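Here are some notes to read alongside the model. Have it open and follow the points in order.

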Amino acid sequence: MSKAAPLGPVPFGPVSYDATGALCLSSTPLAPLAAQFGSPLYVYSGAHISAQIERLQSAFAALNPLICYAVKANMNTHVIRHVASHGVGADVVSVGELRRALAAGVSPEKIVFAGVAKQPAELEAGLETGILQFNVESWSELEALNAAAARMGTIAPVALRVNPDVDAQTLAKITTGSRGNKFGLPFDDIPSLVQQMQTLPHVRLEALAMHIGSQLFKMQPFSDAYKRLADLTRHLSSVGTTLQRLDIGGGLGIPYAPEDGDGPDPVDLAAAATEHLAPLGLPTIVEPGRFIVGNAGVMIADVVYTKESYDHHFLLLNAGMNDLMRPALYEAYHHILPLQHSSAAPIPQELAGPICESTDVFAKQRPLPPLEEGAQVAFLTAGAYCAVLANHYNGRALPAEVLLSATGEAKLIRPAVSDADMIALEQAQA
Ligand SMILES: *Cc1c(COP(=O)(O)O)cnc(C)c1O
């Protein structure tokens with residue numbers, strides 16, 4: 001029989017129960033925030049974001065890379081601004097994310113533009129901004145970038161994104177660097193592409209880039225990919241192509257469950273990168289997203305109803321897959337804890353949302369203490385790939401977001417985007 005969660009820190013991330021049994025994020029009790037700002041609610045810890053960036057900076061000190069935060073993990077401009085205050089740049093995948101990075105004060109020379117299907121207007125926006133590099137993923141995109149740069153009378157800085165064909169050993173749905181994924185250019189095609197590129201006068205090869213997947217726990221796939229990248233860089237150099245830098249992508253995993261412990265240590269990732277890449281003497285870019293913001297965030301939800309059905313005990317919440325989609329999208333696990341500690345023996349429960357879809361289930365047979373209607377829970381590790389995936393399905397609002405400063409001050413960084421806002425947009429179309 002499993003036991004109730006103990007008071008004190010949760011085994012991972014910045015969440016803990018204080019002596020009164022109140023669940024806290026970086027020592028700030030969560031229930032009063034839900035009372036003030038409503039529920040469902042995303043809350044992010046600025047202190048945890050800072051600590052994660054400092055862990056990366058110290059782990060990678062030997063390589064001294066430019067860290068470009070992968071904005072897609074959490075695109076709130078206040079979050080980006082907080083990240084950027086540590087000297088960190090941005091990895092963007094759309095003109096929308098580019099605008100967000102600029103609005104948050106990221107300087108253009110620290111922005112890399114990734115994404116497999118950038119449209120001409122997006123390429124032009126990047127050129128106009130004067131970003132550091134475009135991570136290009138196909139010959140067609142190179143031609144489009146060349147044309148855009150020609151129209152604008154400029155030369156586009158290019159990193160070719162290599163698909164190194166390694167097994168990232170993570171969830172199949174978030175693997176990006178294997179044969180058969182839509183991402184990157186085949187490893188063996190790069191030398192001939194580099195030759196062919198010389199027929200395009202408005203693009204300039206500056207770097208190679210790779211990103212093999214997300215939520216990686218094992219270092220071997222990174223190590224294999226870095227070795228391939230180093231080999232390719234040496235080969236290009238031997239045939240007269242000198243690169244300015246290497247972009248090694250993101251993907252470092254984080255704990256989502258107590259059994260994940262502390263998760264992988266960035267020191268081990270940095271050691272693999274240093275082993276293979278430091279001898280090349282090139283500046284390096286890393287693009288972490290999840291590692292920086294994932295465990296900084298929680299989502300609070302209320303139990304609206306409980307019900308018994310065919311031997312199952314359901315907790316029906318006021319948050320659904322539209323608010324937090326990762327369980328429905330990837331069958332991802334989120335640890336869930338009551339906002340008020342209970343020492344009652346846990347029983348298996350089904351936590352589900354209000355959406356009219358059978359996939360709108362957050363957890364099955366999850367051991368939790370019995371919770372009454374009106375009780376509140378927190379979904380942990382909700383800082384990355386959660387609020388960004390929220391949508392209006394079933395006429396629902398996008399949840400509000402709050403950022404806690406280092407001193408625990410709560411700031412509303414986006415109010416809920418309500419159904420009324422959406423109706424007004426539609427009704428404005430006469
Ligand atoms: C998503 C993405 C990242 C960030 O991945 P994480 O797993 O969040 O670190 C970095 N680079 C590229 C190109 C990406 O698409």
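1. On a 1 Å grid over the protein atoms alone, a cavity is a set of points where a 1.4 Å probe fits but cannot get out, while a pocket is an open set with protein on both sides within 12 Å along at least five of seven lines; lining residues have an atom within 4 Å of a point. Points are joined across faces, edges and corners, and a volume is the space filled by probe spheres set on them.

2. A word on what you're looking at. This is a predicted model, where local features need pLDDT of at least 70, side-chain atom pairs count only at pLDDT 80 or more, and totals for chains, interfaces and linings use all residues. Residues are numbered from 1 along each chain as its sequence is written, and side-chain values use heavy atoms, with hydrogens and water left out.

3. What is the volume of the largest pocket? About 750 Å³. Of the 36 residues lining this pocket, Lys 72, Thr 176, Phe 183, His 211 and Tyr 385 are the closest to its centre. Helices H10 and H11 (326-330) are the elements that give two or more residues to the lining. The pocket lining has 16 nonpolar, 11 polar and nine charged residues.

4. Leu 56 takes us to helix H2, where it is one of the buried residues, along with Ile 49, Ile 53 and others (buried is under 20% relative accessible area, exposed over 50%, partly exposed in between, with a 1.4 Å probe and protein chains only). Helices (H or I, at least four residues) and strands (E, at least two) are DSSP runs, numbered from the N terminus. The buried residues of H2 pack against, among others, strand E5 (41-45), helix H9 (266-277) and strand E21. The 14 residues of H2 (residues 46-59) should span 20 Å, and the end C-alpha atoms are 20 Å apart, which agrees; the expected span is 1.5 Å times one less than the number of residues.

5. On to charges. A salt bridge is a side-chain nitrogen of Lys or Arg within 4 Å of a carboxyl oxygen of Asp or Glu, and the count comes to nine. One joins Glu 141 and Lys 118 at 2.4 Å, N to O. This pair links distant parts of the chain, 23 residues apart: Glu 141 is in helix H6 (residues 139-151), Lys 118 in the loop between strand E8 (111-113) and helix H5 (120-129). Glu 141 is buried at 5% relative accessible area, and Lys 118 is buried at 8%.

6. Another salt bridge pairs Glu 401 with Arg 414 (3.7 Å, N to O). Glu 401 lies in E21 (residues 400-404) and Arg 414 in strand E22 (residues 410-414), so the pair ties together parts 13 residues apart in sequence. Asn 76, in the loop between E6 and H3, has both Glu 401 and Arg 414 among its contacts beyond four places in sequence (contact means heavy atoms within 4.5 Å). Asn 76 is buried too, at 7% relative accessibility.

Technical notes. Nonpolar A, V, L, I, M, F, W, Y, C, P; charged D, E, K, R; others polar.
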